[in-house]
Amino acid sequence: MSTEQTDQQWMMQALDLAQHAADLGEVPVGALVVLDGQIIGRGWNRPITGHDPCAHAEVIALREAALAVQNYRLVNADLYVTLEPCMMCAGAIVHARIRRVIYAALEPKAGALVSQLQALSLAHLNHKPEVVGGVLATESSELISLFFRRRREEQKRLKGLVQNS
């Protein structure tokens, strides 16, 4: 199997985690950490349900992976995430020493790898992961768009109920 096919296979599983987040009312982002062909960490967005501003999918997956290997350094591990990571997550990726970051869709407002910053390419960093973008980007973008469209429709419906009462 080619690297591209392998990346797509793992990203499909990350998209399943993103759907789980959406089902819980969270912004649909999912992440996996893979080491030696095995998933060692899984995460989905939980800031709302967990009352935790740091509970991004990537952070949760990195925490689970670090526990699995009993080391905060995840050397030779790859992170698959359905949305371009933010600045907080980029910092966690560097500290964990992730080998490759593979993301699906761009995050034009807060993306810290390509869209707003190139955080993983900063000259002063002592670790620079490889970055691969656009793996199943259409599927991820559609999931996010549907989530926000449904949220806007629900807000309109609730606003209408309040106005009619």
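Visitor: Which residues does UniProt list for "domain: CMP/dCMP-type deaminase"?

Guide: UniProt, in an unreviewed entry, lists residues 5–116; such annotations may be inferred rather than shown by experiment. Keep in mind that this is a predicted model, where local features need pLDDT of at least 70, side-chain atom pairs count only at pLDDT 80 or more, and totals for chains, interfaces and linings use all residues. Residues are numbered from 1 along each chain as its sequence is written, and side-chain values use heavy atoms, with hydrogens and water left out.

Visitor: How much helix and strand is there over residues 5–116?

Guide: Helices (H or I, at least four residues) and strands (E, at least two) are DSSP runs, numbered from the N terminus. Over residues 5–116 the chain is 41% helix and 22% strand, with 28 Å between the end C-alpha atoms.

Visitor: Is Glu58 buried or exposed?

Guide: Buried means under 20% relative accessible area, exposed over 50%, and partly exposed in between (1.4 Å probe, protein chains only). Glu58 is buried because its relative accessibility is 4%. Glu58 sits in helix 3 (residues 57–69), and the unreviewed UniProt entry places the feature "active site" there.

Visitor: And where does Gly134 lie?

Guide: Look in the loop between strand 5 (130–132) and helix 5. With a relative accessible area of 44%, Gly134 is partly exposed. From Gly134 to Gln70 the C-alpha distance is 31 Å, at a sequence separation of 64 residues.

Visitor: What about Arg150: buried or exposed?

Guide: Arg150 belongs to helix 5 (residues 137–163). Its relative accessible area is 54%, so Arg150 is exposed.
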